[in-house]
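I opened the model today to look up a few points and to note each of them here.

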Amino acid sequence: MKKLSLSLATVVIAICLVIPPYTGYAGPIDDINRKLEQLQKQEQEAAKKRKEAEELKASLSEQKRVEIITLKELQEEIEQQVAKLNDLNEQVNAVTVALQETTQQLMDAEDRVEERDQQLKSRVRAMYKNGTVSYLDVILSATSFSDFIERFNTLKLISGNDKRLLEANKKDRDLIAEKKAEVEVQLQEAERLYAEAEDVRQQLLVREKQKEVAIASLSAQEHEAESISEEQEQSLVALAKEKSELYSERNKLIQQQKAKEAKLKTTNVSRAGGQLAWPVPDSGLITSEFGYRIDPIAKTRKLHAGMDIAAPNGTTIVAADDGVVLIASWVRGYGNTVVVDHGGGMWTWYGHIRQNGIKVSEGDSVTRGQKIAEVGSTGDSTGNHLHFEVRINEKPVNPRPYVE
């Protein structure tokens, strides 16, 4: 029994010698890692929503662009239709005036016919009152040959006048009635064409209103998508801040666990005077400084939150100082982006990195001058360059004093 007890004690001592005593750090570090995993999942979800919002916004913008083009075409068509209506209205007015003139002419002709009828009736009444005197009696009553000739010519003139009166009556009536009928047909046709053109114009106006409503709706949806994207960006920054604190705490625990005397390098919030390395060693061409400007994409005056350094596609981007990678993914407007936390509230942002140009991962520790990415033109960019930002307590500041 004593031998068994001695053997057990020996085993326990051996185990104690083999297994190092519990330092007290593993548990807190595991907790931090679990929190970081949860934050990374939230970040991935936020990135997904941000990407969906940006894709939706791009789709809505394209739809809106097409609708605006169609609206302009409709408005041009409406203008053409209005011009056509004006021409038709002038035709209607001209034909109406012509119809009025023709009606007056017909009334005048009727008056002339009435006058001629009165003349014929007067002659008949006179012949009736004077008895039934024939043209032969008038001729034979001549007192001389010259009187005979005169009477004959007079009767001939009267007969011709009567005949002409009758013919004129018929001609006036027929011509003017025919002209009036033609003008009435022209007026009906002009009014029909005008009514058709007006109907087309009304249909175009309805379509114009529908287009305006559609464009307003797309603008509202576009604004909503923009708001969602901005909210996700704010969420991204908030998550990055939380991760920064966790990474800092984890690194401190790791340093303590490894019993290193050197502590994590902390950077004073107000540090300046060239304490950051130049982020693009192969290029010193600054194309846009920090400050307000007309944004080349939005075409509105807004703050340019960093410094643009032009360089060919694929040019090396290095970390401006030691730190921990907070973000290594797509960010709205920035395109592919790396954000490094240098401690003390200082972050550096590296935007518009080319596709597959990010060379670090979230959570990586990086050193000053280490290659972390490659220049590109992703996001809201008009050419290959690095958009470099310095943020103090999450707020962008002019990076120039930190790299000069």
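Is Arg 301 buried or exposed? I looked up its relative accessible area, keeping in mind that this is a predicted model, and found 60%. I then placed Arg 301 in strand β3, and, leaving aside its neighbours within four places in sequence, I noted contacts of Arg 301 with Tyr 292, Arg 293 and Ile 294.

**Overall content**

I went through the elements next and recorded five helices and 12 strands for the protein. Of its 404 residues, 33% count as buried.

I then traced the pairing: β1 and β4 run antiparallel and are joined by three bridges, with Leu 285 having Ala 310 of β4 as its bridge partner. β4 also runs antiparallel to β11, to which four bridges join it, and here I marked Ile 309 opposite Leu 386 of β11.

**Strand β10**

I turned to β10 and asked how many of its five residues are buried. The count is four, so I note β10 as largely enclosed by the rest of the structure. Strand β5, residues 316-318, pairs with β10 in the antiparallel sense over three bridges, and Val 318 stands opposite Lys 371 of β10. β8 pairs with β10 as well, in the antiparallel sense and over two bridges; in that pairing I recorded Ala 373 of β10 as the bridge partner of Ile 358.

**Nonpolar cores**

Which residues touch the most other members of the largest nonpolar core? I found Ile 317, Val 338, Tyr 350 and Ile 372 in that position, within a core of 25 residues. The elements that each supply at least two residues of this core are β4, β7 (335-343), β8 (346-358), β10 (371-375), β11 (385-392) and α5 (400-403). The largest share, four residues, comes from β11. Apart from this core I noted another, of 19 residues, which includes Val 237, Leu 246, Leu 326 and Trp 347.

**The largest pocket**

My last entry concerns the largest pocket, for which I have a volume of about 1,200 Å³. Which of its 41 lining residues are the closest to its centre? They are Asp 295, Lys 302, Arg 332, Gly 333 and Asp 380. Two or more lining residues come from each of α2 (26-129), α4 (145-257), β1 (285-288), β3 (301-304), β4 and β11, and the largest share, six residues, is that of α4. I sorted the lining by class and counted 11 nonpolar, 15 polar and 15 charged residues.

Technical notes. Residues numbered from 1 in each chain as written. Predicted model: local features only at pLDDT ≥ 70, side-chain atom pairs only at ≥ 80, totals over all residues. Heavy atoms only, no water. Core = buried A, V, L, I, M, F, W, Y, C linked by side-chain atoms within 4.5 Å. Buried < 20%, exposed > 50% of the residue type's maximum accessible area, 1.4 Å probe, protein only. 1 Å grid on protein atoms, 1.4 Å probe; cavity = no way out; pocket = protein on both sides within 12 Å on 5 of 7 lines; lining within 4 Å. Points joined across faces, edges and corners; volume = space filled by probe spheres on them. Nonpolar A, V, L, I, M, F, W, Y, C, P; charged D, E, K, R; others polar. Contact = heavy atoms within 4.5 Å. Pairing = 2+ DSSP bridges.
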